[in-house]
Amino acid sequence: MKIVYDSRHKAYSPSKNDLLNMRNYMNSDEKGLEDIHKSLALMNSVEFIHCREFPKSFLHGIHESDYVRWLESYCRDLKTGSEYFPTLFGREKVYDNFTPITRETFDVAWLSAQIALTGAREMIASQSDVMAFTRPGGIHAKVDSCGGKNFFNNAAIASEYILMEEAQNIAILNIGAYHSNGTQEFFYDDPEVLTLSVHCSPEKCYPWISGNEWETGEGMGRGFNHNFPLQKGSDFKDMLWALELVSSQITDYEPEYLLITLSMNIHENHPEKIFKINNEDFLKIGSTLRSMNYPKLILLEGGTEFENCDIPFSMLLKGVEET
């Protein structure tokens with residue numbers, strides 16, 4: 001398995017989770033990602049590849065240029081070590097109060113997007129499965145704003161690259177504790193991209209205002225968005241039920257490529273205790289993904305804030321690779 005990795009992600013390491021510093025920064029999963037990298041480096045089946053450079057036009061082609069310029073400018077003006085939180089919603093391009101911005105945010109978020117682009121390029125060239133370690137993640141990033149600790153929508157940027165290169169249609173599957181609200185927004189009226197998300201019910205979890213079953217797209221995209229909300233505390237049996245439905249939807253759509261945004265926050269040891277998915281379950285999830293017989297780009301987008309997260313991820317990789 002080829003995996004795109006870049007150690008420069010470590011430059012983004014905020015210390016606060018919200019404006020009032022009520023708890024430590026939950027997305028400080030730098031250590032978890034590094035543990036996974038070190039563990040996989042010992043496996044003969046893994047080949048790490050370097051991130052390529054891409055023009056920033058890929059950002060402007062997906063996100064509103066005003067937003068991209070605002071984030072870049074704001075980061076440049078911040079002092080080293082300082083952290084910014086929004087105070088005036090509607091005027092600032094952050095839609096919640098727990099997405100800290102630092103001087104390094106723009107550079108590392110753009111790096112994360114380029115990691116996704118590198119993975120997409122490699123998947124197309126090899127016509128095989130590729131993984132990419134994208135930190136910070138991107139599923140909550142919207143066209144014109146950031147939130148959920150996400151700044152640029154990695155899956156949307158990679159998808160546009162794939163469609164521009166050669167594909168007629170693709171599918172994007174999100175698996176995590178939280179709904180991929182940003183990704184849904186990008187493609188809600190687009191029949192060329194089938195979007196699916198398996199996540200915790202928005203009645204209990206972020207982003208609270210989207211991720212319901214009745215959100216199926218609009219206009220030309222009606223019927224091309226599918227949400228599979230699970231109850232908080234769900235176990236692998238519930239997850240498998242949702243993934244079987246997802247697999248059926250993908251098979252009916254017959255995409256040329258499949259993108260998967262995956263967060264490790266579904267694990268039972270994650271601090272937020274949203275789902276009850278154990279190490280062995282990750283092997284089964286990997287096997288289920290392998291059965292979706294399309295070239296896949298799997299973006300690891302966070303959730304590694306717990307000890308020994310490298311073990312379930314290695315199980316997942318084993319399941320994806322089994323022949």
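This report describes the sheet of a predicted model and some of the helices that go with it.

The model contains an open sheet of eight strands, paired in parallel and arranged in the order 2-1-3-8-7-4-5-6. Its edges are formed by strand 2 (47–49) and strand 6 (225–230). Each of these has a single partner strand, so one side of each lacks a neighbour in the sheet. On average, neighbouring strands of the sheet are turned by 20° against each other, direction ignored.

One of the pairings joins strand 4 (residues 170–175) to strand 7 (residues 257–262); the two run in the parallel sense and share six bridges. Within this pairing, Ile170 has Tyr257 of strand 7 as its bridge partner.

## Helices across the sheet

Helix 7 (residues 236–253) lies across strands 4, 5, 6 and 7. Its direction makes an angle of about 175° with strand 5 (193–200).

Helix 9 (residues 310–321) lies across strand 3 (130–133), strand 7 and strand 8 (296–300). The angle between helix 9 and strand 3 is about 160°.

## Helix 4 and helix 5

Helix 4 (residues 105–126) and helix 5 (residues 154–165) have axes that come within 9 Å and cross at roughly 35°. The crossing is right-handed.

On the helix 4 side, the residues in contact include Ala109, Ala113, Ala116, Leu117 and Ala120. Their counterparts in helix 5 include Ile157, Ala158, Tyr161 and Ile162. Sorted by class, the contact has 11 nonpolar, two polar and two charged residues.

Key
Residues numbered from 1 in each chain as written. Predicted model: local features only at pLDDT ≥ 70, side-chain atom pairs only at ≥ 80, totals over all residues. Heavy atoms only, no water. Pairing = 2+ DSSP bridges. Helix = DSSP H or I, 4+ residues; strand = E, 2+ residues; numbered from the N terminus. Axes fitted to C-alpha atoms, helices over the stretch in contact; angles between N-to-C directions. Contact = heavy atoms within 4.5 Å. Left-handed = near helix turned anticlockwise from the far one by under 90°. Nonpolar A, V, L, I, M, F, W, Y, C, P; charged D, E, K, R; others polar.
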